[in-house]
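Subject: Structure handover

Hello,

Here is the structure I promised to pass on. Please open it first, then read my notes below.

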Amino acid sequence: MTTRTRILLGVNIDHVATLRQARGTRYPDPVKAALDAEQAGADGITVHLREDRRHIQERDVLLLKQVMQTRMNFEMGVTDTMLEFAERLRAEHVCLVPETRQELTTEGGLDVAGQEARIRDAVERLSAVGSEVSLFIDADPAQIQASARTGAPAIELHTGRYADTHTAEEAALELQRITEGVALGLSLGLIVNAGHGLHYHNVEPVAAIPGINELNIGHALVAHALFVGFPAAVAEMKALIVAAADRAHR
Ligand SMILES: CC(=O)[C@@H](O)[C@H](O)COP(=O)(O)O
Ligand SMILES: NCC(=O)COP(=O)(O)O
């Protein structure tokens with residue numbers, strides 16, 4: 001008998017909102033995308049309320065919280081304003097991410113080691129309202145160890161460097177770094193997720209890493225949805241990661 005490996009897909013709907021914001025229209029609605037994603041097999045929905053509000057808006061987060069049926073993973077920068085918002089929101093999961101206004105996308109992981117007390121304080125505040133906190137970090141042993149010391153139950157390893165590689169050798173090195181990061185996180189008792197820049201052609205090796213809990217994927221899903229529709233794009237990705245995890249652990 002084969003045991004099915006459990007790997008979860010968190011669908012990030014930020015870039016549905018990016019398209020809406022580009023024209024200031026009411027459509028496409030990221031909340032509709034979230035509901036479609038849930039029906040198509042998403043295990044959770046990720047939204048990043050950026051300080052500059054370039055995509056997701058407060059309205060999206062608040063409406064989503066009322067109507068969604070899975071779990072919200074609320075990504076936010078570590079600022080007083082966002083902490084106060086998140087304390088009122090009480091999302092099932094909160095992922096603390098680094099944020100700068102000028103960046104095209106989230107460029108690196110949160111520097112937990114360099115601001116441990118501040119992150120620990122944020123983790124305590126969010127845990128107190130019932131949110132499970134994860135820290136979006138690079139697969140760097142010092143950052144993983146510092147994350148464990150903050151009391152956060154989870155980390156999300158930034159896979160952007162892996163996704164940006166140009167050769168098979170570079171990809172193998174980055175994958176090795178992520179694999180070791182997952183193993184270290186697990187050995188410290190952390191739940192280990194991963195995400196950023198994952199797409200249909202690079203996701204399988206990451207899904208096959210032993211012990212990985214959830215992959216958060218957005219941009220590639222929204223791009224593929226233009227051609228096949230959002231439910232089909234989500235279902236295709238879910239099938240791909242579950243099959244990759246199953247094959248690796250058979
Ligand atoms: C933290 C993370 O990886 C995602 O939230 C991602 O940042 C979303 O896309 P943008 O970086 O383009 O806002
Ligand atoms: N935390 C990563 C995420 O939510 C999705 O990132 P991307 O797939 O849009 O690059």
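Start with the loop between α1 and α2 (30-39), where P28 is found. The peptide bond from Y27 to P28 is cis, with omega near -10°. Most peptide bonds are trans. Bear in mind throughout that this is a predicted model.

Two other backbone spots deserve a look. R90 has a phi near 55°, a positive value in a residue other than glycine. R90 lies in the loop between α4 (80-89) and β4 (93-96). H196 also has a positive phi, near 110°, and is not a glycine either. Its place is the loop between β7 (191-195) and α9 (203-207). For background, most residues other than glycine have a negative phi.

Ligand 1

Which residues come nearest to ligand 1? They are H55, E75, T105, T106 and H196, out of 13 residues around the ligand.

- E75: a polar side-chain atom lies 2.2 Å from an oxygen atom of ligand 1.
- T105: a polar side-chain atom lies 2.6 Å from an oxygen atom of the ligand.
- T106: an N or O atom in the side chain is 2.5 Å from an oxygen atom of ligand 1.

On its own, ligand 1 has 340 Å² of accessible area, and the protein covers 93% of that. The space taken by ligand 1 is the largest pocket. By class, the shell around ligand 1 divides into three nonpolar, seven polar and three charged residues.

Ligand 2

Ligand 2 sits in the largest pocket. The residues around ligand 2 include N12, T46, F136, E156, N216 and H219. E75 and H196 are on that list, and they are also among the residues nearest to ligand 1.

What does ligand 2 touch through polar atoms? Look at these pairs:

- N12: a polar side-chain atom lies 2.8 Å from an oxygen atom of ligand 2.
- E156: an N or O atom in the side chain is 2.6 Å from a nitrogen atom of ligand 2.
- H219: here a backbone N or O atom lies 2.9 Å from an oxygen atom of ligand 2.

Taken alone, ligand 2 exposes 310 Å², and the protein buries 93% of that. The shell around ligand 2 has two nonpolar, eight polar and two charged residues.

Salt bridges

How many salt bridges does the structure hold? The count is 15. One to check is R20 with D60, where the closest N and O atoms are 2.7 Å apart. R20 lies in helix α1 (residues 14-23) and D60 in helix α3 (residues 58-67), so this pair ties together parts that are 40 residues apart in sequence. As a general point, side chains of opposite charge can pair when their charged atoms come close.

One is the cis peptide bond from Y27 to P28. The other is H196, with its positive phi and its place among the residues nearest to ligand 1.

Best wishes

Methods: Residues are numbered from 1 along each chain as its sequence is written. Chains are lettered from A and ligands numbered from 1 in the order in which they are written. This is a predicted model: local features need pLDDT of at least 70, side-chain atom pairs count only at pLDDT 80 or more; totals for chains, interfaces and linings use all residues. Side-chain values use heavy atoms; hydrogens and water are left out. A residue is near a molecule or strand if one of its heavy atoms lies within 4 Å of it. A polar contact is a pair of N or O atoms within 3.5 Å; within protein, one must be able to donate a hydrogen and the other to accept it, and residues adjacent in sequence count only if both atoms are side-chain atoms. Accessible areas come from the Shrake-Rupley method with a 1.4 Å probe; for residues, only the protein chains shown count as cover. On a 1 Å grid over the protein atoms alone, a cavity is a set of points where a 1.4 Å probe fits but cannot get out, and a pocket is an open set with protein on both sides within 12 Å along at least five of seven lines; lining residues have an atom within 4 Å of a point. A molecule sits in a cavity or pocket if more than half of its atoms lie within 2 Å of its grid points. Ala, Val, Leu, Ile, Met, Phe, Trp, Tyr, Cys and Pro count as nonpolar, Asp, Glu, Lys and Arg as charged, and the others, Gly among them, as polar. A salt bridge is a side-chain nitrogen of Lys or Arg within 4 Å of a carboxyl oxygen of Asp or Glu. Helices (H or I, at least four residues) and strands (E, at least two) are DSSP runs, numbered from the N terminus.
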